[in-house]
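User: I'm new to this structure. Could you take a close look at the sheet and the loops around it for me?

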Amino acid sequence: MDDKRLLGAVIGRNLEPVKAAVLLAMTDTREDEEILKQVFAEYGLRSVVTAATGSNTIIRPKLVNSIIGACLNSGLIEKKPTHVHPLVHAIQEASYSAKIETDVSQNCQLKIAVVRRDPWISIGIYGNIAIHEISNHKTVGSGNQVIAP
């Protein structure tokens, strides 16, 4: 199967922002990120990618600040409550589903993608979490919220 057919099979006919965010977060290289961003733009999706690392006790504020900063710097959102508030809720949803929010201290190495197509803004998180250095495993999470134009 050629690359274009494979990509078409993965994306499907109607690419939802949350699906795009998860796929983008799972890319291995910046080159792959750029390819997907270009493809997603053809579907009317705008996106940005960032990363966060650290223990889950310190990663929570880093995650929020990193994502909001990336979104503001890329022009994905504006610095106003009707944009920041739903983004923070999408971050919270993605963090819970990626199991970052836990009482047990664990280390995280995460790649985060944010994708927007009005009225939706979506977060995809993919990476490694570990309670002990030899027990790490992959995690994936997503969050999706309605955002005002």
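Analyst: Four strands make up an open sheet, running in the order β1-β2-β3-β4 with antiparallel pairing. Here two strands count as paired if DSSP finds at least two bridges between them, and strands (E, at least two residues) and helices (H or I, at least four residues) are DSSP runs numbered from the N terminus. β1 (46-55) and β4 (137-146) sit at the edges with a single partner strand each, so one side of each has no neighbour in the sheet. From one strand to the next, the twist averages 15°, taken between axes that are lines fitted to C-alpha atoms, with angles from 0 to 180 degrees between N-to-C directions.

This is a predicted model: local features need pLDDT of at least 70, side-chain atom pairs count only at pLDDT 80 or more, and totals for chains, interfaces and linings use all residues. Residues are numbered from 1 along each chain as its sequence is written, and side-chain values use heavy atoms, leaving out hydrogens and water.

Now for β3 and β4: these antiparallel strands are joined by 10 bridges. Isoleucine 121, for instance, has glutamine 145 in β4 as its bridge partner.

On to the loops. Proline 119 lies in the one between β2 (107-117) and β3 (120-130), and a cis peptide bond with omega of about 10° joins aspartate 118 to proline 119. In the loop between α5 (81-97) and β2 you'll find lysine 99, with a positive phi near 65° although lysine 99 isn't a glycine. Most residues other than glycine have a negative phi, and most peptide bonds are trans. Lysine 99 counts as exposed because its relative accessibility is 58%, where exposed means over 50%, buried under 20% and partly exposed in between (1.4 Å probe, protein chains only).
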